[in-house]
Amino acid sequence: MAVAANPQDLMFKPATEISRLVCAREVSAREVVDAAYAHADACDAQVHAYNQRSDALAYAAADELDKKLAAGDKPGDGLPDSALVGAPVAFKDNMNLQGTRTTCSSRILSNYESAYDCTAVRRLLDAGTLPLGKLNMDEFAFGSSTENSAFGPTHNPWDLARVPGGSSGGSAAAVAAGLAPITLGSDTGGSIRQPGACCGVVALKPTYGRVSRYGCVAFASSLDQIGPFARTVRDAALALQVISGKDRYDATSVEAPVPDYSQALGADLKGLRVAVATDFLELEGLDPEVKADVLDAAERLTRMGAEVGEATLPSTQYGLAAYYIVGPAEASGNLARFDGIRYGLRAQDATDVLDLYMRSRAEGFGPETIRRVMIGTYVLSAGYYDAYYARAQKARTVIKQDFDRVFADYDLILTPTAPTPAFKLGEKTTDPLSMYLSDVFTIPVNLAGNTALHLPTKLSAAGLPLGVQLIGNYFDEANVFRAASALEQDYQFPYQTVPVNVLGA
């Protein structure tokens, strides 16, 4: 069919438009999968977003959908009642999907076959989407550049010499490169929003507990949250609609009503109260273009009817330090299960059980994973727990109180997402502290448990994506989408610029 004749044209359409075409039978679901993989064949060798493709699963789902459409089924009548039916999706490689390996981009899990489906993944598939594959990431989600993957780095589609951000860099790059219109990532300290900023895509971290974490390999259980990447706010909102809700397999998922997020899209901003976090704009090392972009977004929100003021979050200055105690501490416990006994890599010729543990973990874990496990074990050890971990948890409480204070007067907080546009591959790999600063604006949100969205706005003078972070109160994703949708229409971010860089045309 003509629509699928150029895979690139089809794959850069929003997920909702692809779904419309499939449901109207203007293009078949199989042709969508054909287009997705043809486009991947053309550019993913340069980008390296995929760790593995799930061709058999994608074509099986497509053929089943085409069969139902041919029989006259429609969304809500024989098909799932979703605007994403027939849309291709892909998943970060820490989420289980039966029929694929779940590697976490680590040697220790390189041959682990998923025994069940991650709840968020299953909910997307039950909505009629087509699973294309699993996406590259920093090993066990430890990183801000996707350079810590055991399978090699992912490259930024806007400039292949730059990082896509991390740890969900493969998920962000896949959307930016047109490999999938919607992907899922996980966010522990900014691992959805920061790569969203580097790659210029919409990226949402839901409120902690909004989305089940069941089936997602844990980094830090009190911080992790699954969320969507998309090229449009509408696609992100619809994806969140599908994956949200209580899950009996995850005790941390919350029994809270899930509103119809599409109702917030296109709503006017009259009466919406937005605070610009002024102390975030004074951070040393903040790129002047990033700062100017936040101020420009504030002016646009004012022009569109929002009530824009200023606020400070003074305790968030301790966020980075608190996070790099709490996160590694929880990670050291979560990763204890990878010991060479039950699953994953097993060292050969071990002399005893202790030797097996030590050699399997030394051979299977990369340097950043070892660093964080060692830090986490140290801060939990006798004599240091109170000095480090307990104090970090107290700081976390104070940070949450700062957000609560601001949300007593405002609906949203406007901040930068990352201090700079995407940096070059290798630029920060020898300086972990500099790398950790990439998440300075996103980490406090995870410590407090709030929701936040990165929205791409414009291109920098160097042609790299810029954007802003919109932070919402607990379970108030609707207002985040409301403001993001209005700004999206005002900015008209130039997504179609990307293929020129990716394909070298």
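Modeller: Glu26 counts as partly exposed, because its relative accessibility is 36% (buried is under 20% relative accessible area, exposed over 50%, partly exposed in between, with a 1.4 Å probe and protein chains only). This is a predicted model: local features need pLDDT of at least 70, side-chain atom pairs count only at pLDDT 80 or more, and totals for chains, interfaces and linings use all residues. Residues are numbered from 1 along each chain as its sequence is written, and side-chain values use heavy atoms, without hydrogens and water.

The side chain of Glu26 meets that of Arg20 in a salt bridge, 3.4 Å from N to O (a side-chain nitrogen of Lys or Arg within 4 Å of a carboxyl oxygen of Asp or Glu). Arg20 is also partly exposed, at 40%. By this rule there are 24 salt bridges.

Arg210 bridges to Glu477, with the closest N and O atoms 3.4 Å apart. This pair links distant parts of the chain, 267 residues apart: Arg210 sits in the loop between β7 (202-205) and β8 (225-230), and Glu477 in helix α16 (residues 477-491) (helices, H or I, at least four residues, and strands, E, at least two, are DSSP runs numbered from the N terminus). Arg210 is buried, at 3%. Glu477 is buried too, at 0%.

Asp411 and Arg273 form another salt bridge, with the closest N and O atoms 3.0 Å apart. Again distant parts are linked, 138 residues apart: Asp411 lies in the loop between α13 (385-407) and β11 (412-416), and Arg273 in strand β9 (residues 273-277). Asp411 is buried, at 16%, whereas Arg273 is partly exposed, at 28%.

The largest pocket has a volume of about 360 Å³ (on a 1 Å grid over the protein atoms alone, a pocket is an open set of points with protein on both sides within 12 Å along at least five of seven lines; a cavity is a set where a 1.4 Å probe fits but cannot get out; lining residues have an atom within 4 Å of a point). It is lined by 18 residues, and Ala61, Glu64, Leu125, Gly128 and Thr129 are the closest to its centre. Two or more lining residues come from each of α4 (55-70), α5 (119-126) and β5 (130-135). Helix α4 gives the most, with 6 residues.

The second largest pocket has a volume of about 280 Å³. Its lining has 15 residues, and Asn96, Tyr116, Val217, Arg337 and Tyr343 lie nearest its centre.

Then come the cavities. The whole structure has 2 of 30 Å³ or more. The largest cavity has a volume of about 80 Å³. Among its lining residues are Ala197, Cys198, Val290 and Pro465. At least two lining residues each come from α7 (193-199) and β13 (465-472). Strand β13 has the largest share, 3 residues.

The second largest cavity has a volume of about 50 Å³. Its lining includes Ser144, Phe219, Tyr323, Tyr324, Arg372 and Asp439.

Notes
Grid points are joined across faces, edges and corners, and a volume is the space filled by probe spheres set on the points.
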